4 protein chains.
Amino acid sequence: MSASEVTHKKIRIALIGATGYAGFEAIRRLLRHPNAEITGLYGPEHELGPIDEFHPLLTGQLSLSQELFDIEKIASSAELAMLCVPHKVAMSYVPALRGAGLRVIDWSADYRLADAAEYERWYCPHTDPDGLAEAVYGLPEFFADGIATASLVANPGCYPTCATLALAPLLSAGLIATDDIVVNAISGVSGAGRTPNRTCHFPDRNENFEPYGVATHRHMPEMEQALTTIAGRPVTLMFVPHLCPMDRGMLCSIYARPTRDGLTAEGLTDVLAAAYRSAPFVRVRTDVLPATKYVAETNFCDIAVRVAKGRVMVFSALDNLTKGASGQAIQNMNIMYGLDETSGLI
Amino acid sequence: MSASEVTHKKIRIALIGATGYAGFEAIRRLLRHPNAEITGLYGPEHELGPIDEFHPLLTGQLSLSQELFDIEKIASSAELAMLCVPHKVAMSYVPALRGAGLRVIDWSADYRLADAAEYERWYCPHTDPDGLAEAVYGLPEFFADGIATASLVANPGCYPTCATLALAPLLSAGLIATDDIVVNAISGVSGAGRTPNRTCHFPDRNENFEPYGVATHRHMPEMEQALTTIAGRPVTLMFVPHLCPMDRGMLCSIYARPTRDGLTAEGLTDVLAAAYRSAPFVRVRTDVLPATKYVAETNFCDIAVRVAKGRVMVFSALDNLTKGASGQAIQNMNIMYGLDETSGLI
Amino acid sequence: MSASEVTHKKIRIALIGATGYAGFEAIRRLLRHPNAEITGLYGPEHELGPIDEFHPLLTGQLSLSQELFDIEKIASSAELAMLCVPHKVAMSYVPALRGAGLRVIDWSADYRLADAAEYERWYCPHTDPDGLAEAVYGLPEFFADGIATASLVANPGCYPTCATLALAPLLSAGLIATDDIVVNAISGVSGAGRTPNRTCHFPDRNENFEPYGVATHRHMPEMEQALTTIAGRPVTLMFVPHLCPMDRGMLCSIYARPTRDGLTAEGLTDVLAAAYRSAPFVRVRTDVLPATKYVAETNFCDIAVRVAKGRVMVFSALDNLTKGASGQAIQNMNIMYGLDETSGLI
Amino acid sequence: MSASEVTHKKIRIALIGATGYAGFEAIRRLLRHPNAEITGLYGPEHELGPIDEFHPLLTGQLSLSQELFDIEKIASSAELAMLCVPHKVAMSYVPALRGAGLRVIDWSADYRLADAAEYERWYCPHTDPDGLAEAVYGLPEFFADGIATASLVANPGCYPTCATLALAPLLSAGLIATDDIVVNAISGVSGAGRTPNRTCHFPDRNENFEPYGVATHRHMPEMEQALTTIAGRPVTLMFVPHLCPMDRGMLCSIYARPTRDGLTAEGLTDVLAAAYRSAPFVRVRTDVLPATKYVAETNFCDIAVRVAKGRVMVFSALDNLTKGASGQAIQNMNIMYGLDETSGLI
């Protein structure tokens with residue numbers, strides 16, 4: 001136990017939208033956190049009630065009920081709001097929360113794309129341009145300074161986290177071309193949310209692997225923006241996600257063109273290792289290729305690189321519900337409140 | 001190829017309700033049958049269209065569309081109707097079909113319980129008591145004679161098939177008590193149908209095993225009726241099904257009290273083997289215990305018996321979509337039309 | 001954080017046998033424990049090396065190597081030994097460990113059966129009868145006093161934990177017969193260990209559910225002993241385990257005969273609830289039936305009871321790797337060292 | 001039933017190596033074939049015995065035992081040999097079989113690479129160069145003429161079938177570059193064979209997705225050879241397979257560079273559709289993207305194409321055990337013996 005854990009008082013957290021998988025993971029991980037306390041759960045009218053009616057696993061662990069969103073109550077009992085609600089819903093809550101003085105970590109896509117027009121192109125018109133202008137993209141490995149003082153953090157998407165961590169150092173170093181990248185990705189089914197549908201109905205999904213959202217997935221512009229920002233040059237890429245019959249886990253197989261001859265896996269590994277020397281949750285691997293089970297239920301992102309036949313290949317894996325959502329949100333919270341970055345995340 | 005397969009002309013079949021898992025399995029198996037031809041698919045207004053829109057696997061195999069139920073058209077193009085629709089819906093179609101001269105195999109529960117009052121107790125008021133009175137319970141191992149000449153066959157439920165085949169010979173021989181039987185059963189998720197719901201949503205179902213319908217499942221009275229009829233004495237039992245995270249497969253673990261001392265697994269195995277000597281789809285096993293994978297995609301029901309500590313234990317396994325539904329329906333069809341019982345079922 | 005967590009110094013733990021699933025779970029959970037420190041990993045000659053070669057997930061979390069068992073080194077660096085090795089191997093290490101002054105929690109079956117002759121009947125001759133005589137059965141809900149001062153704790157089997165917690169209060173209260181109990185159980189595949197074999201080879205196991213060890217499983221005498229001890233009367237039962245195609249999770253469906261008329265689910269639920277009033281990890285449920293996913297990755301055992309047709313049915317579920325192994329071991333450790341029983345187990 | 005099925009007599013088949021998954025699938029499909037008869041099963045000394053000891057599903061379906069390889073016996077009872085044995089083993093049997101006058105379909109890699117030196121580079125020295133020189137690559141969509149008269153057919157690998165069918169028409173038409181292709185592929189676990197190992201041990205494999213054999217998989221040169229032959233120009237590509245936690249199914253996500261501007265998905269779809277106009281088992285899809293469940297247990301290969309951001313993407317799916325092995329072998333057999341190409345494959 002670090003000194004900070006002992007001396008810090010607990011961060012009081014209002015959780016908005018606790019009935020889905022993201023909310024569940026937020027609760028489970030916050031319950032383990034030594035410096036966090038969930039003081040209230042809030043949601044829409046049709047999803048109110050004891051939280052263990054939605055998540056029977058939580059019986060005996062958290063006795064709160066999800067209540068109707070009430071800004072007065074939230075303001076008086078919390079300093080931080082975590083929003084685990086869908087895009088569009090998030091930006092309907094955020095102005096009130098910030099207006100009441102809370103800091104906010106939003107898990108939706110609403111504050112990830114810096115440009116309102118770009119947001120509108122992929123989602124819908126943006127209703128909180130002021131918030132958008134102030135939001136910090138919550139990828140701690142690259143934007144920790146901004147996160148530390150942010151009043152509004154946009155927790156990144158799972159795919160963008162996985163792809164950006166794999167590519168950013170190589171692009172920054174100018175080692176791969178910025179316009180010839182394919183991100184072939186797979187995700188466990190929890191990434192598709194908890195609303196029942198045929199695609200995720202067990203007998204239609206089990207033993208079934210398929211591509212979806214080819215070149216049209218909304219995480220593609222998010223990746224491009226993050227990589228462009230970090231690399232300082234326009235980056236465009238092709239993104240093709242696939243649905244894999246498992247609960248959780250995400251893996252990107254990335255194909256890129258080297259900008260010069262003679263690059264080796266060893267050399268590129270060194271570049272990645274140097275970039276993540278002080279990043280506690282990125283593991284640049286030389287022993288094994290990334291696999292979803294090696295990061296399951298952890299906040300790690302594993303990365304490995306290979307070079308062959310004139311091509312650079314980067315593989316990255318993370319748990320879509322942890323480093324891809326709840327774990328990253330807590331990592332951001334730790335940074336925002338001056339805690340050890342890994343607090344509550346072992 | 002047997003002589004019968006060469007000389008028989010093809011049975012023209014109207015399939016009612018082809019968009020769910022049962023309908024899919026019916027189509028797949030009928031396509032392989034040397035003496036069957038699907039001449040039309042029929043369903044309710046909201047589920048019309050090319051069948052491969054519902055089942056993309058069937059593209060290039062069956063070019064029919066599901067059309068609105070039309071008794072004229074059916075009567076002119078088919079001699080047999082297979083109904084793969086839910087209970088209550090089935091009995092709304094059957095009188096018209098039979099009135100138009102078709103023979104009918106109903107996969108729902110509507111004609112399984114001989115007593116309309118008992119049916120009402122578990123389902124709803126019965127609207128076709130005449131049909132009910134004439135329906136034959138389609139368990140070929142025990143009712144083949146009636147099936148052969150039936151105009152209306154009630155295809156048994158998956159659980160009742162699995163439990164009845166395991167228990168009937170032992171009850172008939174008076175070797176186990178008729179009032180001290182527990183049927184603990186598990187089923188793959190396809191048994192729950194194709195309508196999306198939270199119970200079968202992949203991330204809520206995968207890695208999740210649970211009991212349901214304890215002492216209240218509608219297949220319990222069906223089993224009791226079948227066993228009572230076959231044994232010639234009232235049989236009552238406890239039935240507890242469980243949902244198992246796999247696509248298909250069913251296994252019953254049955255616990256019974258012997259009526260006399262000295263019974264052995266060998267002796268009981270002999271009784272079962274004798275009972276099923278001429279049943280091509282029941283395998284009484286002494287080499288292995290039944291397992292769902294040993295019967296997957298087959299029409300077999302595997303049975304094994306054990307005796308220990310004063311208790312008789314019978315294990316039976318089948319594929320819920322084959323011997324528990326589509327395969328059994330085709331086995332019944334073969335018997336109704338004088339074909340080899342195994343035709344199209346290898 | 002409780003006061004005890006702050007003031008207690010860390011328990012120094014030697015882990016024997018860290019390369020299997022049990023060892024992995026021990027490490028993962030101990031890493032989260034505020035008052036525990038793994039000081040060494042020890043094993044046989046053919047399984048030495050950095051622990052993350054065996055468990056790549058642990059890279060960056062634990063930098064120890066598994067070393068050859070060395071009692072001097074262990075004695076000088078640890079006060080508690082956890083043995084995650086197979087039966088027979090465990091009792092070859094325990095005398096040395098205890099001789100060197102360490103307290104021991106053994107995860108194997110070696111010290112669970114109090115009678116050496118009974119042990120020999122199910123396993124092999126016992127080589128440490130002195131240890132056997134002093135070992136305390138580590139089911140905290142019933143034997144916490146003995147555990148608190150024990151020098152050797154036999155961590156219970158997963159099935160016995162699940163069945164005993166479900167049955168003990170009802171047997172103690174004389175509400176169900178002691179000689180007419182069936183425990184029908186299922187387990188995830190991790191319970192079968194990490195040694196590759198055909199039974200657990202993915203394509204032979206996936207979509208495959210089957211019974212095994214019918215009336216011959218070694219956990220049967222363990223359950224009978226635990227229940228006999230707690231109830232104070234001889235209890236015999238039938239135990240039939242099944243292998244279920246999922247990683248983790250265990251569920252018992254138990255069938256018993258009431259000793260009197262008029263018992264209700266409500267009444268029996270009250271008896272269970274009263275028995276576990278102060279047990280933090282047993283949840284007597286009235287809202288839902290137990291399901292493996294409701295206890296996944298937790299130390300809870302969920303129990304629910306039903307009565308119908310003259311039969312008492314009890315359902316219990318736990319995570320075979322947590323309450324059925326690692327979590328229970330840590331719960332025992334907490335009791336042995338005067339920590340809060342739930343410490344490190346949220 | 002076509003006339004050919006009625007008049008043809010049955011092909012007598014010796015199956016070499018029936019105890020693995022490939023052998024199992026061969027048996028299951030041949031049992032359904034109207035013009036095939038398995039007359040003997042042969043294997044190595046340590047795998048002899050009734051076939052249902054290895055595959056309990058086959059009890060009652062095939063009563064043969066696997067016997068020691070005996071060329072006299074095989075020659076007197078069969079005209080066609082199917083070899084379902086590993087590479088290197090296959091070429092130890094083939095000369096004897098061909099010497100005895102049998103036609104051979106080899107499922108291993110031994111006769112797929114036309115160049116013995118190339119074979120040696122990826123496998124081991126080739127011991128049957130004469131056979132190698134005469135073998136025909138058994139991809140019916142492109143080599144049917146040679147297959148029809150071949151005495152030795154090399155049944156293609158699963159990945160090469162899936163990738164070659166997707167790419168060949170586009171390469172032949174010069175629409176995509178021959179040196180800038182990435183084949184990102186996934187396979188169900190059955191593709192890894194039946195020998196137990198940690199990689200395929202259920203709890204290590206379930207919920208685990210990972211790349212393997214990056215740029216080193218032996219199917220890469222096989223694909224390149226097939227495409228080079230068909231396109232008439234040297235084709236090189238990058239091939240990266242992944243293991244997916246499901247029994248069966250294979251999907252290739254292929255990324256290529258168009259050779260000219262203005263190519264559209266519609267145009268490329270037309271090229272593919274034209275190429276496969278008379279191929280009964282290739283479905284060029286416009287309604288859905290390929291998914292493994294849409295081809296499960298069928299001999300279809302589904303293909304769809306997309307164009308975006310200057311890149312051509314082709315997706316193809318098949319059942320690795322059917323079109324990727326057993327079904328393709330039977331398709332080849334049908335062609336070799338003048339039967340309808342689809343016989344026994346519905």
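Guide: Asn184(A) is buried, with a relative accessible area of 2% (buried means under 20%, exposed over 50% and partly exposed in between, with a 1.4 Å probe and protein chains only). The model is predicted, so local features need pLDDT of at least 70 and side-chain atom pairs count only at pLDDT 80 or more, while totals for chains, interfaces and linings use all residues. Residues are numbered from 1 along each chain as its sequence is written, chains are lettered from A and ligands numbered from 1 in the order in which they are written, and side-chain values use heavy atoms, with hydrogens and water left out.

Asn184(A) lies in strand E9 (residues 176-187) of chain A; strands (E) are DSSP runs of at least two residues, numbered from the N terminus. Beyond its neighbours within four places in sequence, Asn184(A) is in contact with Val240(A), His242(A), Leu251(A), Cys252(A), Ser253(A) and Tyr255(A), and also with Asn184(D), Ser253(D) and Tyr255(D) (contact means heavy atoms within 4.5 Å). With the side chain of Tyr255(D), the side chain of Asn184(A) makes a polar contact at 2.5 Å; such a contact is a pair of N or O atoms within 3.5 Å, and within protein one must be able to donate a hydrogen and the other to accept it, residues adjacent in sequence counting only if both atoms are side-chain atoms.

The same surface serves both copies, as 100% of the contact residues of chain A recur in chain D.

Key: Helix = DSSP H or I, 4+ residues; strand = E, 2+ residues; numbered from the N terminus.
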